[in-house]
Amino acid sequence: MHAHIRRRTGELEQGIIECRRDLHKYPETGWTEFRTASMTIKKLASLGYVIKMGEETNRPGDMRGVPHKDILASCRQRAVSQGGDPGLISVMADGLTGFTADMTFGGDGPKVGCRVDMDANDITEAGDASHRPFREGFSSVNRGVMHACGHDAHVAIGIGVAGVIASLKDRLKGSLRLIFQPAEEGVRGAKAMVGAGVTRGINFLLGSHISFQASRSGMLICGAKGFLASTKWDVAFTGESAHAGAAPQNGRNALLAACVASLNLHAISRHADGATRINVGRLSAGEGRNTIPAKALLAMETRGLTTELDGYMLQEAGRIVEAAAGMYGCSYDVDVVGGSISGESDAEMVDMVAEAAKGIPFYDEVIRMREFGGGEDFSYMLKDVQEQGGQGTYIQVGADRTAGHHNEKFDLDEAGLAPAVELLSRSIVSLLTRP
Ligand SMILES: [Zn+2]
């Protein structure tokens, strides 16, 4: 079986790299992955996978941080003009870009899930000759959007895994569900897919990220613990505008409310139980110099080592926002635009991945578990599977990179793609051939 996986992966490698480059050239941010999803769906359907999409795989009430309708419409149009399938894209309507691809095998066996995230970042890609994607003609043509986190590689790897597993169809038991998730950036997309039930009944769940802590080619990290729980809020303060010279007493100053809130949010007391973070990352307020500002928008996030610690930060944040609004006679509205929870890989799954890595020469440094120290909304899927008695792990597959993730000069060693396909395929096969 291992020899077959190696051979099939080798046959697919060139196509996987071309696919990654194509996705790199046409990146799409969270909830607008219309072209990415429609082209991937077509490939997987042609391999025999059964596709579920639309509201069946994205619960609208749990979709957070969805762009404005006008932006969605222009992104749909752009996707069609860049080769996306108009029929499939119309089903994705207002951001329902997450989908699943299922293959069922003969005989009783477990249900294995594998999650793949698809979105790009709000970054303008470097346009100079030192940056390979630019030099070789596959840098982003979508201005202000760039795959700077490697999710283009994730989709290409996912398609590769689908191809390898389909070629082993007659030798496996149980079923495989590939979960293609939108909007991982800003930790927005996973919750809506879990809400739609995509992780129901999954016994074993795999998630992976390229490079990141496995920062060089050859490195592999089989599991993660200590995903930081995080919550993203947009807080809108509303006051009353008035002439700043003639009748300032009639105004209610939303700018000042937002400023006072910002300063005091950063003064929330630390917690003895573990790490917490807070950041107000954007503040916009006011219109004219001589008008009392009636509107202010504050974009903030909290993080905590555990879901409870993040809850503590949120509770304090809520108190401060309310008090700051009250001080200036303003009202306020909180929009939860993203979030993730804490989580930890299961030891048995970590062992299984470490075992699968044996005999893949690319991986010369295999680490079992790492403290993740960041947010990843894969944690929602992991928790749902674990609560049903299943197990999961989050793998980091090594690849050299030219700059840090989310940098305009980010690029990857594509030699890391095929080994990732081989590793994930081996892991899935080991789960679907259990006696
Ligand atoms: Zn990422």
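**Entry 1: domains.** I looked up the division of the protein chain and found domain 1 (2-227 + 341-432) and domain 2 (229-339). I noted that the model is a predicted one. For the spacing I took the centres over C-alpha atoms, and 35 Å separate domain 1 from domain 2. I then listed the contact, to which domain 1 gives nine residues and domain 2 gives 11 residues. I sorted the side of domain 1 that touches domain 2 by class and got two nonpolar, five polar and two charged residues.

**Entry 2: whole chain.** I counted 12 helices and 12 strands in the protein chain. I checked the radius of gyration, which is 23 Å, against the 22 Å that the globule rule gives for 435 residues; the two are close, so the chain is as compact as a globular protein of that length. I also noted the span of the C-alpha trace along its principal axes, about 80 × 50 × 40 Å.

**Entry 3: H1 on H12.** Before the helix pairs I wrote down what to look for: two packed helices are described by the angle between their axes and the distance between the axes. I took helix H1 (residues 2-25) with helix H12 (residues 417-432) and read an angle of about 135 degrees, the axes being 8 Å apart. I therefore put H1 and H12 down as oblique to each other. I recorded the crossing of H1 past H12 as right-handed. From H1, I listed His2, Ile5, Arg6, Thr9, Glu13, Ile16, Ile17 and Arg20 in the contact, and from H12 Leu417, Ala418, Val421, Glu422, Ser425, Arg426 and Val429. By class I have seven nonpolar, three polar and five charged residues in the contact of H1 with H12.

**Entry 4: H1 on H6.** How do H1 and helix H6 (residues 151-166) cross? I found their axes within 8 Å and the crossing angle roughly 150 degrees. The crossing of H1 past H6 is right-handed. On the H1 side I listed Ile5, Arg8, Thr9, Leu12, Ile16, Cys19, Arg20, Leu23 and His24. On the H6 side I listed Asp152, Ala153, Val155, Ala156, Ile157, Ile159, Gly160, Gly163 and Val164. I classed the residues of the contact of H1 with H6 as 11 nonpolar, four polar and three charged.

**Entry 5: H10 on H12.** I went back to H12 and looked up its packing with helix H10 (residues 347-357), where the angle is about 120 degrees and the axes are 9 Å apart. Which residues meet here, in H10 and in H12? I found Met352, Val353, Ala356 and Ala357 in H10 against Leu423, Arg426, Ser427 and Ser430 in H12. By class I have five nonpolar, two polar and one charged in the contact of H10 with H12.

Conventions: Residues numbered from 1 in each chain as written. Predicted model: local features only at pLDDT ≥ 70, side-chain atom pairs only at ≥ 80, totals over all residues. Axes fitted to C-alpha atoms, helices over the stretch in contact; angles between N-to-C directions. Helix = DSSP H or I, 4+ residues; strand = E, 2+ residues; numbered from the N terminus. Parallel < 35°, antiparallel > 145°, perpendicular 65-115°, else oblique. Left-handed = near helix turned anticlockwise from the far one by under 90°. Contact = placed C-beta atoms within 7 Å. Nonpolar A, V, L, I, M, F, W, Y, C, P; charged D, E, K, R; others polar. Domains from an automatic or database assignment. Rg over C-alpha atoms; globule rule 2.2 N^0.38 Å.
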